[in-house]
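Hi,

Here is the structure I promised to pass on.

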Amino acid sequence: MKIKELKSLSSEELLQKERHFKEQLFEMGFQRQMGRVEKPAMFRSLKRSIARVLTILNERERKDNGKKS
């Protein structure tokens, strides 16, 4: 997903996306062990998507903490 698309989502939706991406990555790990991975590039893509989601969540958390002080 693009960063703009992710930033438009709520924090709860981002957490759901993160869970979904991690589940896909987990399932692909099993496929890799079986030798049946159709798109090996998806590993990299999923890892980057997870990192993007976590980055946005951390930015929001820092922004919220800054406002409270």
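A word on terms before the findings: helices here are DSSP runs of H or I with at least four residues, strands are runs of E with at least two, and both are numbered from the N terminus. Bear in mind that this is a predicted model, where local features need pLDDT of at least 70, side-chain atom pairs count only at pLDDT 80 or more, and totals for chains, interfaces and linings use all residues. Residues are numbered from 1 along each chain as its sequence is written, and side-chain values use heavy atoms, with hydrogens and water left out.

Let me start with serine 49, which sits in helix 3. Is serine 49 buried or exposed? Its relative accessibility is 5%, so serine 49 counts as buried (buried is under 20% relative accessible area, exposed is over 50%, and partly exposed is in between, with a 1.4 Å probe and protein chains only). Leaving out residues up to four places away in sequence, serine 49 touches Met1 and Phe21; a contact means heavy atoms within 4.5 Å.

Helix 3 runs over residues 41-68. Its 28 residues reach 41 Å from first C-alpha to last, close to the 40 Å expected at 1.5 Å a residue (the expected span is 1.5 Å times one less than the number of residues). The buried residues of helix 3 are Phe43, Leu46, Ser49, Ile50, Val53, Ile56 and Leu57, and they pack against helix 1 and helix 2.

Helix 2 covers residues 11-34. With 24 residues at 1.5 Å each it should span 34 Å, and its end C-alpha atoms are 35 Å apart, which agrees. Its buried residues are Leu14, Glu18, Phe21 and Met28, and what covers them includes helix 1 (3-7) and helix 3. After helix 2 comes glycine 35, with a positive phi near 80°.

How do those two helices meet? The axes of helix 2 and helix 3 come within 9 Å and cross at roughly 155°. That makes the pair roughly antiparallel. For reference, axes are lines fitted to C-alpha atoms, for helices over the stretch in contact, and angles run from 0 to 180 degrees between N-to-C directions. Angles over 145 degrees count as roughly antiparallel, under 35 as roughly parallel, 65 to 115 as roughly perpendicular, and the rest as oblique.

On the helix 2 side, the residues making the contact include Leu14, Glu18, Phe21, Leu25 and Gly29; on the helix 3 side they include Phe43, Ser49, Ile50, Val53 and Leu57. By class, this contact has 13 nonpolar, four polar and five charged residues (Ala, Val, Leu, Ile, Met, Phe, Trp, Tyr, Cys and Pro are nonpolar, Asp, Glu, Lys and Arg are charged, and the others, Gly among them, are polar).

At 11% relative accessibility, glutamate 18 counts as buried. Not counting residues up to four places away in sequence, glutamate 18 touches Val53, Leu54 and Leu57.

Glycine 29 is partly exposed at 24% relative accessibility, and glutamine 16 is partly exposed at 43%. Glutamine 16 and valine 53 lie 37 residues apart in sequence, with 10.0 Å between their C-alpha atoms. For glycine 29 and isoleucine 50, 21 residues apart along the chain, the C-alpha separation is 15 Å.

Lastly, leucine 6 in helix 1. Its relative accessible area is 0%, so leucine 6 is buried. Which residues does leucine 6 touch, not counting those up to four places away in sequence? They are Met1, Leu14, Arg52, Val53, Ile56 and Arg60. The C-alpha atoms of leucine 6 and arginine 52 are 8.1 Å apart, although 46 residues separate them along the chain.

Cheers
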